[in-house]
Amino acid sequence: MGILDGLLGNASENDAQELQQELTQILATGERIEKAYAIIRDQIIFTNKRLILVDKQGVTGKKREILSVPYRSIERFSMETTGHFDLDAELKIWIRGQAEPISKNFRDDRSIHDISRALAEYAL
């Protein structure tokens with residue numbers, strides 16, 4: 001169900017150990033991936049030191065933009081859940097020094113709650 005969830009815009013939890021090997025080139029010494037979620041092709045990764053947002057681009061997804069955000073730079077975050085007629089949930093993260101928040105859309109409340117809980121654990 002994880003692949004289908006990802007295609008529908010629902011966040012699905014990824015295997016942290018597998019990503020640890022895949023992202024070894026960008027991880028600091030002693031840094032470990034603790035939680036990771038995929039939304040379609042993008043990823044939200046929580047390490048013991050920072051939040052990593054991976055935006056896969058292009059047709060093949062080989063090109064990636066990787067945004068690294070130290071937890072101390074997260075000023076606040078908000079979530080908007082789905083409603084009867086509005087089926088999209090939205091997560092916003094405000095980063096110190098940026099006027100506009102980082103925004104991610106989801107198709108269900110369960111996944112946005114999981115990610116919001118993880119943000120609370122690491123950023124507060």
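Modeller: Before we start: pLDDT is the predictor's confidence in each residue, from 0 to 100. We need that here, since the model is predicted.

Colleague: OK. Which elements have the lowest and highest mean pLDDT?

Modeller: Helix α1, residues 2–8, has the lowest mean, 45. Strand β6 has the highest, 95.

Colleague: And what is the mean pLDDT of the protein chain?

Modeller: The mean is 86. In the chain, 90% of residues reach 70 or more.

Colleague: Where does pLDDT stay under 50?

Modeller: Over residues 1–9. The model has 13 contacts beyond four places in sequence for that stretch.

Colleague: Back to β6. Which strands form the open sheet with β6 in it?

Modeller: Three strands, in the order β6-β7-β8. The pairing is antiparallel.

Colleague: Which strands stand at the edges?

Modeller: β6 (74–80) and β8 (102–106). Each has a single partner strand, so one side of each is left without a neighbour in the sheet.

Colleague: How many degrees are neighbouring strands turned against each other?

Modeller: 15 degrees on average, direction ignored.

Colleague: What packs on the sheet?

Modeller: Helix α3, residues 109–123. The helix touches β6, β7 and β8. Its direction makes about 160 degrees with that of β6.

Colleague: How many bridges join β6 to β7?

Modeller: Six, with β7 spanning residues 89–95.

Colleague: How many bridges join β2 to β3?

Modeller: Six bridges, and the two strands run antiparallel. β2 covers residues 33–39. K35 has F46 in β3 as its bridge partner.

Colleague: What about the hairpin of β2 and β3: which residue takes a positive phi?

Modeller: I40, with phi near 55 degrees. That hairpin has two residues between the strands.

Colleague: And over how many bridges do β3 and β4 pair?

Modeller: Four, in the antiparallel sense. β4 runs over residues 50–57. I44 stands opposite L53 in β4.

Colleague: How many residues lie between β3 and β4 in their hairpin?

Modeller: Two. So β3 takes part in a hairpin with β2 and in one with β4, while five of its six residues are buried.

Methods: Residues numbered from 1 in each chain as written. Predicted model: local features only at pLDDT ≥ 70, side-chain atom pairs only at ≥ 80, totals over all residues. Heavy atoms only, no water. Pairing = 2+ DSSP bridges. Axes fitted to C-alpha atoms, helices over the stretch in contact; angles between N-to-C directions. Contact = heavy atoms within 4.5 Å. Buried < 20%, exposed > 50% of the residue type's maximum accessible area, 1.4 Å probe, protein only.
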